Amino acid sequence: FQEYKPKVNSKMSVEKLSLLSPAEDNNESDASFSHLSRDQDPDLEDRGNAGKSHSEVDVLPLPSAKRYHLFVSYSAEDKEDANKICEHMERRFKMKCMNFERDFVPGKSIDDNIADEMQKSVKVLLILSPNYIQSHWCVIEAREACQLSFKGLSDVNVIPLLLRSVEKELPPFLRSFVYIDAQKELDVPAKIYDAYLNPGKR
């Protein structure tokens, strides 16, 4: 289980999860976050969007069989951070996120919701934390995403994000993935976007 490290110019380290660009949000509620605008980090400019501000980022096309760019898998105890991540992926990068609290179909079983909505998503963002690996349904989602990727049954790819350090050992099927460490990144949504566009690159 390795840390995902896309190229960045800055060598600054941060102790807290950084979600917002300073140009986009100056609310007091986000005062605890360290900020770095994606516009200030040229190595994170995606192909086709070089030099553009967040408001000018092109909408990423979805394959015909897909409804979402990201299936966001997270523990209910981490929903505040997960909802912020979804908000910024959708607002800053114009990506469609599958958030179970909003998008699961009422009346359908949880198992069927997971399987069906994951099949409609290009990639799966796993927001890992101590709460996550202790959650029965989160582990089921993570296993389903890994099985889809490993078996080549779809084009689903996994993007693991380590929200907080996990003391308990990770399930074996998650240990081989490169991950993003949210505690070390200056702009977490930008790293997720970069990982979406350039999977497997450091």
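Figure 1. Gln119 has a relative accessible area of 35%, which makes it partly exposed (buried is under 20% relative accessible area, exposed is over 50%, and partly exposed lies in between, using a 1.4 Å probe and protein chains only). What you are looking at is a predicted model: local features need pLDDT of at least 70, side-chain atom pairs count only at pLDDT 80 or more, and totals for chains, interfaces and linings use all residues. Residues are numbered from 1 along each chain as its sequence is written, and side-chain values use heavy atoms, with hydrogens and water left out. Gln119 sits in helix α3 (helices are DSSP runs of H or I with at least four residues, strands are runs of E with at least two, and both are numbered from the N terminus). Along the chain, Gln119 and Ala65 are 54 residues apart, yet their C-alpha atoms are separated by 8.5 Å.

Figure 2. Follow the loop between β1 (2-3) and β2 (68-73) and you will come to Lys66. Is Lys66 buried or exposed? With a relative accessible area of 12%, Lys66 is buried. A polar atom of its side chain lies 2.7 Å from the backbone oxygen of Gln119. Pro63 belongs to the loop between β1 and β2 too, but at 36% relative accessibility Pro63 counts as partly exposed. The C-alpha atom of Pro63 is 8.0 Å from that of Val122, a residue 59 positions away along the chain.

**Figure 3. The buried side of helix α3.** Helix α3 covers residues 110-119, and its buried residues are Asn113, Ile114, Glu117 and Met118. These four lie on the same side of α3, because they cover an arc of only 110 degrees around the axis (the arc is that of the directions from the helix axis to the C-beta atoms). An α-helix has 3.6 residues a turn, so residues three or four places apart point the same way.

**Figure 4. Helix α6, enclosed by the rest of the structure.** How many residues of α6 are buried? The count is 10 of the 10, so α6 is largely enclosed by the rest of the structure. Among the buried residues are Val188, Lys191, Asp194 and Leu197. The cover over the buried residues of α6 includes β2, α1, β4 (121-128), β5 and β6. Pro189 is one of the residues of α6, and its relative accessible area is 0%. Although Pro189 and Glu87 are 102 residues apart in sequence, they are 9.5 Å apart in space, C-alpha to C-alpha.

**Figure 5. Where helices α1 and α6 pack.** Helix α1 (residues 79-92) and helix α6 (residues 188-197) meet at an angle of about 65 degrees, with their axes 10 Å apart (axes are lines fitted to C-alpha atoms, for helices over the stretch in contact, and angles run from 0 to 180 degrees between N-to-C directions). Their crossing is right-handed, which means that the near helix is turned clockwise from the far one by less than a right angle. Which residues make the contact? From α1 come Ile85, His88, Met89 and Arg92, and from α6 come Pro189, Ala190, Ile192 and Tyr193 (contact means heavy atoms within 4.5 Å). The residues of this contact divide into 6 nonpolar, 1 polar and 1 charged (Ala, Val, Leu, Ile, Met, Phe, Trp, Tyr, Cys and Pro count as nonpolar, Asp, Glu, Lys and Arg as charged, and the others, Gly among them, as polar).

**Figure 6. Asp187 and its polar contact with Arg92.** Asp187 is placed in the loop between β6 and α6. At 1% relative accessibility, Asp187 counts as buried. Its side chain makes a polar contact with the side chain of Arg92 at 2.7 Å (a polar contact is a pair of N or O atoms within 3.5 Å; within protein, one must be able to donate a hydrogen and the other to accept it, and residues adjacent in sequence count only if both atoms are side-chain atoms).

Figure 7. Lys94 is not a glycine, yet its phi is positive, at about 55 degrees. Look for Lys94 in the loop between α1 and β3 (97-99), where it is partly exposed at 25% relative accessibility. Glu167 is in the loop between β5 (157-162) and β6 (178-181). Glu167 is exposed, with a relative accessible area of 83%. The C-alpha atom of Glu167 is separated by 7.1 Å from that of Pro130, 37 residues away along the chain.
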